[in-house]
Amino acid sequence: MSDKHLHIISFNIPYPPNYGGIIDVFYKLKALHAKGIKIHLHCFEYNRENATELKNYCESVNYYKRRTGIISALSSRPYIVSSRRSEELMRNLLMDDHPILFEGLHSCFYLDDPRLHGRKLIYRESNIEHDYYYNLFKAEKQFFRKLYFLKASIKLRLYEKVLQHATMMLVVSTKDQEYLKNRFHSGHVHFLPSFHGNDEIACKTGRGGYALYHGNLSVAENYHAATFLIKDVFDDINMDLVIAGLNPPAHLKKAARNNTHVRIIENPADEELFGLIRDAHVNILVTFQATGLKLKLLNTLYNGRFVLVNEAMLNGTGLDELCIIGDDSLQLKKHLNDLAKTTFGQDQVNLRSAVLKGNYSNEANADRLIHYIF
């Protein structure tokens, strides 16, 4: 049996694994557990129930209330950081000298705490957070939310210097790796792609009947991208667009009603969404935020047919050869018209299998992670 123990501080309860960085956390737990690592998980509670499922993969699971409210908001630290502090967490960390993995900048309140001096402290990056929030500021329409995102971006940029206290950083894209290496003049910044819920390529050959865009539609980044597709790409081409995702805003639904080629599927269950991904002829994923790794890109490559993206969606992931790339509405329209005449074949499936089993295998990345830490 392994005698390797690891503390993991998660910014939220990583079950169910149904959004962003939480997907990375949960499948990392599973992969490390399968390798015999004894995980001591620390979760900040935020709009989620305690999850007994996590006990299947962890030696211990601890929950801490997130300190939302005015005191955290007025802190010099970013709100996403200051609201995730707990002396109970610190007491638990000080009971041994095991390495500590901080999931996201959110969880780094204690990264520079003198009481942890001499410990192995690993930062797991999922975004360059100040860039992420600045892009939310640019995409947001509501004034007070725009102001919040701008202030958060400034605070996060200033707070980022806390990462100099990390023993090493594990990042999800080579572009983010280059940025953090240059920012901190560190040789201990390693590219380690996100963990995910896919084990095998499950995409269908042949043709589908529509293009699909999916995402959390309540997030400005995603409804901005969906609006662009409706108004600037699918305004005059002969292919139907399905937009699927959580909580689409009224202005997006109105834009869809004005285009006979577009329909929105609100709040699909996971099974329905994966069915939509597999049955689409083209999965179109565009973003105006070149940050982190978009896990929906990975899910689509494992499960869908043709994947049409803009350059910002790739962002140093090394997945370029698996996608068709268009960076403006004219290029995207041309690719869509060409793909409408093309059959998705077994050769594309084989290429995906070869590429994804390299950098994006959960098992291989668990081995890399264990090597880095231990």
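Arg 257 is placed in helix α9, which spans residues 250-257, where helices (H or I, at least four residues) and strands (E, at least two) are DSSP runs numbered from the N terminus. The model is a predicted one, in which local features need pLDDT of at least 70 and side-chain atom pairs count only at pLDDT 80 or more, while totals for chains, interfaces and linings use all residues. Residues are numbered from 1 along each chain as its sequence is written, and side-chain values use heavy atoms, with hydrogens and water left out.

With a relative accessible area of 63%, Arg 257 is exposed; here buried means under 20% relative accessible area, exposed over 50%, and partly exposed in between (1.4 Å probe, protein chains only). Together with Lys 141, Lys 231 and Lys 254, Arg 257 forms a patch of positive charge on the surface. Patches are made of residues with over 30% relative accessible area and no salt bridge, like charges being joined within 9 Å and nonpolar side chains (Val, Leu, Ile, Met, Phe, Trp, Tyr) within 5 Å. A negative surface patch consists of Glu 311, Asp 320, Glu 321, Asp 327 and Asp 328, and Asp 328, in the loop between β13 (324-325) and α13 (329-339), is partly exposed at 33% relative accessibility.

The protein chain contains 15 helices and 13 strands, and 56% of its 374 residues are buried. In helix α11 (residues 295-303), nine of nine residues are buried, among them Lys 296, Asn 299 and Tyr 302.

The structure holds 17 salt bridges, each a side-chain nitrogen of Lys or Arg within 4 Å of a carboxyl oxygen of Asp or Glu. Three of these pairs are listed here.

| Salt bridge | N to O distance |
|---|---|
| Lys 28 and Asp 24 | 3.2 Å |
| Arg 119 and Asp 96 | 3.6 Å |
| Glu 160 and Arg 157 | 3.7 Å |

Arg 119 lies in the loop between β4 (100-103) and β5 (121-124) and Asp 96 in the loop between α4 (87-93) and β4, so this pair ties together parts that are 23 residues apart in sequence. Arg 119 is buried at 12% relative accessibility, whereas Asp 96 is partly exposed at 22%. Lys 28 and Asp 24, both buried, are four residues apart in helix α1 (residues 20-34) and thus separated by about one helical turn. Asp 24 and Lys 28 are also linked with Glu 103 and Arg 124 in a network of salt bridges. Glu 160 is buried, with a relative accessible area of 4%, while Arg 157 is partly exposed at 36%.

Key: Areas by Shrake-Rupley, 256 points an atom, 1.4 Å probe, with all protein chains shown as cover. Lys, Arg positive; Asp, Glu negative; His and termini not counted. Charge placed at Lys NZ, Arg CZ, Asp CG, Glu CD.
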